[in-house]
Amino acid sequence: MQIKNFEDLEIWKLARQLTRGIYTCSKASKLSRNYGLRDQMQRAAVSIMSNVAEGFERGGNQEFIQFLYIAKGSCGEVRSQIYVALDEDYVDPKTAESLLAILKRLSSMIKHLIDHLKQSGLRGPKYGNFNRANPSEKH
């Protein structure tokens with residue numbers, strides 16, 4: 001598969017799914033009344049998909065890697081916040097487990113993409129030597 005846009009990246013698609021899950025959970029649970037935690041969880045989830053998109057659009061592998069690391073950090077942030085929500089009975093264990101599984105998978109996929117980009121030896125399309133074919137097909 002040819003990757004032409006960030007929307008083609010499996011990690012971005014999964015980050016979008018996660019963000020929908022966080023927003024759904026925020027509306028339908030006790031979490032909706034804890035504005036600080038709810039808003040922080042939403043911002044951190046949006047940060048994951050936004051950093052994947054922004055890094056991809058920068059056109060250079062080193063910049064993309066930098067933004068992927070930020071996205072990976074946001075995965076950890078949301079995971080930690082889900083534990084807070086779980087401990088405070090803002091979310092039920094099944095919902096928390098589902099969201100945590102997505103986050104762990106997403107974090108792993110981001111790490112694999114970072115490793116792939118580091119090993120590729122290519123610098124990115126803005127340098128004229130980047131083939132976007134398959135940079136995250138398995139990620």
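This report covers salt bridges, aromatic pairs and helix geometry in a predicted model.

## Basis

The model is predicted, so local features need pLDDT of at least 70 and side-chain atom pairs count only at pLDDT 80 or more, while totals for chains, interfaces and linings use all residues. Residues are numbered from 1 along each chain as its sequence is written, and side-chain values use heavy atoms, with hydrogens and water left out.

## Salt bridges within helices

The count is five salt bridges. The rule asks for a side-chain nitrogen of Lys or Arg within 4 Å of a carboxyl oxygen of Asp or Glu. Helices here are DSSP runs (H or I, at least four residues), as are strands (E, at least two), and both are numbered from the N terminus.

One of the bridges joins Lys13 to Glu10, at 3.2 Å from N to O. Both residues belong to helix α1 (residues 10-28). They sit three residues apart, about one turn of the helix. Lys13 is partly exposed at 36% relative accessibility. Glu10 is also partly exposed, at 31%. The class lies between buried (under 20% relative accessible area) and exposed (over 50%), using a 1.4 Å probe and protein chains only.

Helix α4 (residues 93-120) holds both Asp115 and Lys111, four residues apart, or about one turn. Their side chains form a salt bridge of 2.7 Å, N to O. Asp115 is partly exposed, with a relative accessible area of 25%. Lys111 has 34% and is partly exposed as well. Elsewhere, salt bridges with shared partners link Glu54, Arg58 and Glu63 into one network.

## Helix α2 and its end

Arg58 is partly exposed, at 37%. Glu54 is partly exposed too, at 35%.

Helix α2 has 24 residues. From first C-alpha to last, α2 reaches 33 Å, close to the 34 Å expected at 1.5 Å a residue. The expected span is 1.5 Å times one less than the number of residues. Just after α2, Gly59 takes a positive phi of about 85°.

## Aromatic pairs

The whole structure contains two aromatic pairs. Phe6 and Trp12 form an edge-to-face pair, with centres 5.2 Å apart and planes at 70°. Rings of Phe, Tyr and Trp (its six-membered ring) pair if their centres lie within 6.5 Å; planes under 30 degrees apart count as stacked, over 60 as edge-to-face and the rest as tilted. Phe6 is buried, with a relative accessible area of 17%. Trp12 is buried at 11%.

Phe56 and Phe64 also pair edge-to-face, because their planes meet at 85°, with ring centres 5.8 Å apart. Phe56 is buried, with a relative accessible area of 4%. Phe64 is buried, also with 4%.

## Packing of α3 and α4

Helix α3 (residues 61-87) packs on α4 at an angle of about 165°, with the axes 9 Å apart. That makes α3 roughly antiparallel to α4. Axes are lines fitted to C-alpha atoms, for helices over the stretch in contact, and angles run from 0 to 180 degrees between N-to-C directions. Angles under 35 degrees count as roughly parallel, over 145 as roughly antiparallel, 65 to 115 as roughly perpendicular and the rest as oblique.

The crossing of α3 and α4 is left-handed. In such a crossing the near helix is turned anticlockwise from the far one by less than a right angle; clockwise gives right-handed.
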